[in-house]
Amino acid sequence: MIQIEKLCKQYGDNRVVVDVSMVIEPRTITTIVGTSGSGKSTLLRMINRLVEPTSGRVLIDGNDTMAEPAHLLRRRIGYAIQGLGLFPHRTVAENVATVPRLLGWTQDRIDARVDELLRLFQLEPAAYAAKFPHELSGGQQQRVGVARALAAKPNVLLMDEPFGALDPIIRAKAQEDLLGVQRKLGTTVILVTHDIDEAFRLGDRVAVMSQGRLLQHDRPEALITRPADPFVSQLIGAGDRSLKLLSLVNASSAAEPGAVEGPSVAATASLRDVLSELLWRGSTQANVLGEDGAIAGHVQLASILARGRSAS
Amino acid sequence: MNEARITSARIDRLGTLLVGIGALAFTVLPLIVFKANRILPGEPRALFDLLPGWGAAVLACTLTLAALAALFARDGRLRLLGALAGICALALALAQGADVLTPDGNRVVRIAPGAGFWITLVALGLLATDALTRLQPGPAARVLILGLALGAVLLALGSGRFDDLSIMREYAVNAGRFGQEARRHLQLAFGSLVAALAVALPLGVVCHRVPRLRAGVLGALNLVQTIPSIALFGILMAPLAALAVAFPALAALGVSGIGAAPAAIALFLYSLLPIVANTVVGLGRVSPAAVDAARGMGFTDAQVLRDVELPLALPAILTGIRIVLVQNIGMVTIAALIGGGGFGAFVFQGIGQTAIDLVLLGAIPTIVLAFAAAVVLDALTDLTRRVPR
């Protein structure tokens with residue numbers, strides 16, 4: 001668990017982060033979203049003390065982050081940034097091995113860990129370990145960047161616009177990968193983004209920041225149905241808020257038992273996707289397929305519409 | 001007409017220029033010069049008359065083939081072969097001519113290469129360099145080629161075949177001093193470089209970290225660079241002489257107003273700017289994301305510098321070192337003016353005696369040394385630049 005208590009950062013008269021307090025549950029993804037200059041990156045960088053707070057404190061599992069030298073703290077926290085910052089003069093394997101090497105792991109342990117991570121990120125070690133970053137595609141570099149951040153098995157992973165430089169298709173894949181890896185490893189992830197859709201897609205909790213202040217920190221659907229601030233509604237956008245709400249729910253979790261006449265959708269499809277499919281086919285109901293491809297249940301158009309309605 | 005266009009397209013442009021210059025110099029200017037003693041003006045002699053019939057034929061054929069290769073050959077290896085064969089034939093013909101022109105046992109007459117020889121040699125040398133460039137050898141191969149070429153020249157000079165040439169006569173007279181001045185030349189050039197590195201690298205790092213210092217430091221070093229070397233020697237003379245008088249211990253160490261001390265200090269000062277400036281530029285080009293990632297993963301400041309910033313800035317820093325080394329090797333020559341020693345001693349002595357051969361004995365090794373240093377450091381820079389950013 002990460003507790004952020006009354007955290008402030010001030011440069012001269014310029015208050016960049018103002019009195020932010022929040023609690024981040026372990027094994028969750030928290031996204032921090034805001035416009036540029038909202039203080040979201042500064043907040044993130046205060047967690048691993050790349051920026052030293054002016055006042056307030058951060059506790060990780062109850063321990064004050066000021067209790068040890070900053071570089072030792074950072075070795076226990078994963079860090080991945082936009083533009084990746086892969087070391088161009090080091091191979092993929094050497095890049096991934098960076099933090100284990102700083103921690104003084106044995107060579108055997110490092111080699112085994114690098115192998116494991118490259119496989120986890122679908123980079124066959126025999127083909128990629130000895131390559132240099134510039135020999136990889138953007139998507140592959142991005143995966144190396146995240147693999148490197150996770151190399152020493154940190155409990156906490158900080159990510160600053162990690163997908164910012166990727167084109168939309170690779171970006172969606174990278175987000176998918178991150179969700180999969182996070183579920184598998186149970187890492188606590190804090191991810192900064194300016195993209196509200198990305199924040200909603202990835203975040204178990206979404207924190208909205210503006211002008212250095214934390215406006216709201218809650219579950220995504222709560223942000224849509226009960227925005228705490230006009231800025232939050234504005235950021236989410238009134239135009240498609242019902243669709244955003246639907247996009248947060250999986251077909252499988254909305255399914256009712258029994259098979260019906262109509263098109264089929266995957267269990268992992270969001271209700272937004274199901275709605276689109278129903279409109280396209282001119283149908284009012286669809287079957288939900290389980291992972292084995294068999295019909296696991298169905299959803300009705302009317303129940304989808306009901307879920308997209310404002311709670312109040 | 002169509003045919004003519006095709007033919008002209010096939011002729012190599014640089015080859016045409018160099019063959020034109022070389023052929024003109026070879027046929028019009030004197031190739032070999034006879035001097036009754038080392039300071040009298042020379043009388044040109046016809047080189048072909050001095051060669052045996054077969055020798056003249058071999059020389060003419062080899063140079064013709066070299067010219068044809070330069071004009072028409074596409075293959076870099078063929079062009080290189082032609083140029084090297086031309087250089088060998090020309091050098092051997094000169095040695096033969098000197099042998100014939102020198103009366104037995106006469107140590108007074110001087111046989112020197114003429115202007116035609118030098119220009120043809122330069123044209124052939126440029127052809128060889130151009131051919132090598134086209135072959136695009138890797139860094140290691142370039143150093144190997146340099147080593148082979150230097151080895152071949154040393155072997156040829158050591159064989160005694162060229163001993164009748166005026167410059168080798170000067171060498172024979174000064175053989176003892178030659179080694180000593182060579183050592184001194186290298187000591188001054190490399191010693192001042194090492195001392196400058198010890199100061200300039202940290203200074204460059206500090207200038208990178210503290211932008212406010214940058215303009216001031218670089219400005220001051222720029223100012224040093226604009227002082228003519230002779231003026232700087234002059235400026236250093238008085239304080240160093242005063243120091244030596246005030247502290248006899250320093251004088252015992254060799255510090256004095258003239259000699260190696262002011263030369264070393266001047267070279268050191270001139271070496272600072274290129275290294276500091278290139279270190280600042282190199283560090284400035286390191287990706288900020290890589291530095292941020294390194295810090296974020298728990299590198300200490302020293303580790304960021306050692307493991308990320310300096311390795312990535314190394315090509316730029318090596319470029320600075322190359323500039324300094326080539327500059328120093330040339331500038332040490334001037335140090336001879338104030339008794340600093342080095343190959344410049346031969347140059348100034350030769351000027352004083354109007355003995356051009358003695359000037360060449362100092363100048364040619366200096367040029368070769370600077371060239372070799374440039375080739376080796378370029379190769380090193382390329383090796384470190386293997387990984388693009």
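The legends below describe close-up views of a predicted model.

**Figure 1. Overview of chain B.** Chain B contains 16 helices and 3 strands. Its C-alpha atoms occupy a box of roughly 75 × 65 × 35 Å along the principal axes. Among the 389 residues of chain B, 43% are classed as buried. For contacts in chain B with a separation of 6 or more, 78% join residues 24 or more positions apart. Chain B carries 28 positive and 19 negative side chains, with 7 Å between the centres of the two sets.

**Figure 2. Packing of helices α8 and α15 in chain B.** Helix α8 of chain B spans residues 166-209 and helix α15 of chain B spans residues 344-352. An angle between 115 and 145 degrees is neither roughly perpendicular nor roughly antiparallel, so α8(B) and α15(B) are oblique to each other. On the α8(B) side, the residues that meet α15(B) are B:Asn174, B:Arg177, B:Phe178, B:Glu181 and B:His185. Their partners in α15(B) are B:Gly344, B:Ala345, B:Phe346 and B:Gln349.

**Figure 3. Buried residues of helix α15 in chain B and their cover.** The buried residues of α15(B) are B:Gly344, B:Ala345, B:Phe346, B:Val347 and B:Gly350. Of these, B:Gly344, B:Ala345 and B:Phe346 also take part in the meeting with α8(B). The cover over the buried residues of α15(B) includes α8 of chain B, together with α14 (301-335) and α16 (356-384) of that chain.

**Figure 4. B:Thr354, after helix α15 of chain B.** B:Thr354 follows α15(B) and sits in the loop between α15 and α16 of chain B. Its phi is near 45°, a positive value in a residue other than glycine. The relative accessibility of B:Thr354 is 56%, over the 50% cut-off, and the residue therefore counts as exposed.

**Figure 5. B:Gln136, in the loop between α6 and α7 of chain B.** The loop that holds B:Gln136 runs between α6 (115-135) and α7 (139-158) of chain B. B:Gln136 is not a glycine, yet its phi is positive, about 50°. With a relative accessibility of 67%, B:Gln136 counts as exposed.

Figure 6. B:Met168 is part of helix α8 of chain B. The residue is buried, at a relative accessible area of 13%. Residues up to four places away in sequence aside, B:Met168 touches B:Leu157, B:Phe162 and B:Asp163. B:Phe178 is 10 residues from B:Met168 along the chain, and their C-alpha atoms are separated by 12 Å. B:Phe178 is also one of the α8(B) residues that meet α15(B).

Figure 7. A:Thr98 belongs to helix α4 (residues 98-102) of chain A. A relative accessibility of 3% is under the 20% cut-off, so A:Thr98 counts as buried. Neighbours within four places in sequence are left aside in the contacts shown. In chain A, the contacts of A:Thr98 are A:Phe87 and A:Arg148. In chain B, A:Thr98 is in contact with B:Met297 and B:Phe299.

**Figure 8. A:Leu84 and its contacts in chains A and B.** A:Leu84 lies in the loop between β6 (77-81) and α3 (92-96) of chain A. This residue counts as buried, with 14% relative accessibility. Apart from neighbours within four places in sequence, A:Leu84 is in contact with A:Gln141, A:Gln142, A:Gly145 and A:Arg148 in chain A, and with B:Ala293 in chain B. A:Arg148 is likewise among the contacts of A:Thr98. A:Leu84 and A:Asp160 are 76 residues apart in sequence, and the C-alpha to C-alpha distance is 9.4 Å.

**Figure 9. A:Lys153, in the loop between α7 and β7 of chain A.** A:Lys153 is located between α7 (138-149) and β7 (156-160) of chain A, in the loop. At 53% relative accessibility, this lysine counts as exposed. A:Asn14 is 139 residues from A:Lys153 in sequence, and 36 Å separate the two C-alpha atoms.

Terms used:
Residues are numbered from 1 along each chain as its sequence is written. Chains are lettered from A and ligands numbered from 1 in the order in which they are written. This is a predicted model: local features need pLDDT of at least 70, side-chain atom pairs count only at pLDDT 80 or more; totals for chains, interfaces and linings use all residues. Side-chain values use heavy atoms; hydrogens and water are left out. Helices (H or I, at least four residues) and strands (E, at least two) are DSSP runs, numbered from the N terminus. Buried means under 20% relative accessible area, exposed over 50%, partly exposed in between (1.4 Å probe, protein chains only). Contact means heavy atoms within 4.5 Å. Lys and Arg count as positive and Asp and Glu as negative; His and the chain ends are not counted. The place of a charge is taken as NZ of Lys, CZ of Arg, CG of Asp or CD of Glu. Axes are lines fitted to C-alpha atoms, for helices over the stretch in contact, and angles run from 0 to 180 degrees between N-to-C directions. Angles under 35 degrees count as roughly parallel, over 145 as roughly antiparallel, 65 to 115 as roughly perpendicular and the rest as oblique.
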